[in-house]
Amino acid sequence: MQTNVEKIFSFIDQEATYIEEQESAPYLEGIVYALELWLENKKAPDLVNPKKEEIRKAIQLAILKGMSKSTQANHQMTPDAIGLLLSYFVKEMNKEKKELSFLDPALGTGNLLFTLMNVIPNTSHAFGVEIDELLIQLAAQVGELLEQDIQLFRQDAIRPLMIDPVDIVVSDLPVGYYPDEEASKEYFLHSKKEMPYAHHLFMEQAMKHVKPGGYLYFLVPATIFESKQAPQLHKFIKENGWIQAVIQLPDSIFKNKAQEKSLLILQKKSEDLKAPREVLLAKVPSMTNREAMELFFKKIDIWQEENNR
């Protein structure tokens, strides 16, 4: 007997493959067609009490299949293991808050943000920004199927955003040079010697849109503090926030060394708060090693207790 995840994936895959073969359209566009049929109640998978996470995971599997056929660099998805690890930190560090608002300025299909919204019960609403038309269309459909309160903006996130400050910013940042000099010259992290890094500009923009005392959770290149533009980034963070943690993610998650990432956790400065006593520097062990993961989480608990004294 098929599970709900299998039923949803089979339904999407069948419809997407039909569009791909009959209309010579990309598989990802076929997914949009399948989800449209579902949302309009024209055709839908036969499900038994589906959970939000089952819907998200099944759609993610279909999107991953579509992305494996796509050659576009921006068509990539944050792995589930990273999303769930990140949601642990968000939950642990924001226990006191009854409601949390979110922003992802590099939304993609929304998989990372929806992972958090599905597992964090006190999510009130969220905002997502994405420039790619196909990706934001998929994100909108997934959000609707998951019945999540999210408002989407299709634009370049480095341009001015009409979004009020939120409690939490979370993002798997796009990495590379940002080519629009006109848009970047207003930024502190604009570089006069070479094109600025897009991931640096996204961090500065995010800092503007988080409340004082709010947290920012970024997936960044593992070598972020080793680049030529790193001193300027250090200066920006020192003036505007505090580094709470730098957590190296397992090598096994990434295809090669150049793609390795870390989780960088920042907090925006607030007059009511103090800088952390100690920055958490850690490496996530293999996520299949249960004992090592238990020790890792124990280390985090001790760090939090020390900082909360």
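Ser-270 sits in the loop that joins strand 7 (261-268) to strand 8 (280-283), where helices (H or I, at least four residues) and strands (E, at least two) are DSSP runs numbered from the N terminus. The model is a predicted one, in which local features need pLDDT of at least 70 and side-chain atom pairs count only at pLDDT 80 or more, while totals for chains, interfaces and linings use all residues. Residues are numbered from 1 along each chain as its sequence is written, and side-chain values use heavy atoms, with hydrogens and water left out.

With a relative accessible area of 16%, Ser-270 is buried; that word stands for under 20% relative accessible area, exposed for over 50%, and partly exposed for what lies in between (1.4 Å probe, protein chains only). Once its neighbours within four places in sequence are set aside, Ser-270 is in contact with Pro-212, Gly-213 and Trp-242, contact being heavy atoms within 4.5 Å. Another buried residue is Thr-123, with a relative accessible area of 18%, and its place is in strand 2 (residues 123-129). A polar atom of the Thr-123 side chain lies 3.0 Å from the backbone oxygen of Ile-120. Beyond its neighbours within four places in sequence, Thr-123 is in contact with Leu-100, Phe-102, Leu-116 and Met-117.

We may turn next to the helices. The buried residues of helix 3 are Glu-53, Ile-55, Arg-56, Ala-58, Ile-59, Gln-60, Ala-62, Ile-63, Gly-66 and Met-67. An α-helix has 3.6 residues a turn, so residues three or four places apart point the same way. Among the elements covering the buried residues of helix 3 are helix 1 (4-23), helix 2 (27-39), helix 4, helix 5 and helix 6 (133-145).

Helix 6 itself has 13 residues and reaches 19 Å from its first C-alpha to its last, close to the 18 Å expected. At its start, a side-chain oxygen of Asp-132 comes to within 3.0 Å of the backbone nitrogen of Leu-134. Just after helix 6, Glu-147 has a positive phi of about 55°. Buried in helix 6 are Leu-134, Leu-135, Ile-136, Leu-138, Ala-139, Gln-141, Val-142, Gly-143 and Leu-145, and their cover includes helix 2, helix 3, helix 5 and strand 3 (150-153).

Empty space comes next. Rolling a probe the size of a water molecule over the atoms shows where empty space is left. On a 1 Å grid over the protein atoms alone, a cavity is a set of points where a 1.4 Å probe fits but cannot get out, whereas a pocket is an open set with protein on both sides within 12 Å along at least five of seven lines; lining residues have an atom within 4 Å of a point. Grid points are joined across faces, edges and corners, and a volume is the space filled by probe spheres set on the points. By this rule there is one cavity of 30 Å³ or more, and the largest cavity holds about 50 Å³ of space. Its lining consists of Arg-56, Ile-59, Gln-60, Ile-63, Met-77, Thr-109, Gly-110, Asn-111, Phe-114 and Val-142. Helix 3 (52-69) and helix 5 (111-119) are the elements that give two or more residues to this lining, and helix 3 gives the most, with four residues. By class, the lining has five nonpolar, four polar and one charged residues; Ala, Val, Leu, Ile, Met, Phe, Trp, Tyr, Cys and Pro count as nonpolar, Asp, Glu, Lys and Arg as charged, and the others, Gly among them, as polar.

The second largest pocket has a volume of about 750 Å³. Of the 25 residues lining this pocket, Met-93, Tyr-215, Gln-267, Asn-307 and Asn-308 lie nearest its centre. Two or more lining residues come from each of helix 4 (80-93), strand 5 (210-221) and helix 10 (290-307), with helix 10 providing the largest share, five residues. The lining of the second largest pocket divides into seven nonpolar, eight polar and 10 charged residues.

Notes:
A polar contact is a pair of N or O atoms within 3.5 Å; within protein, one must be able to donate a hydrogen and the other to accept it, and residues adjacent in sequence count only if both atoms are side-chain atoms. The expected span of a helix is 1.5 Å times one less than its number of residues.
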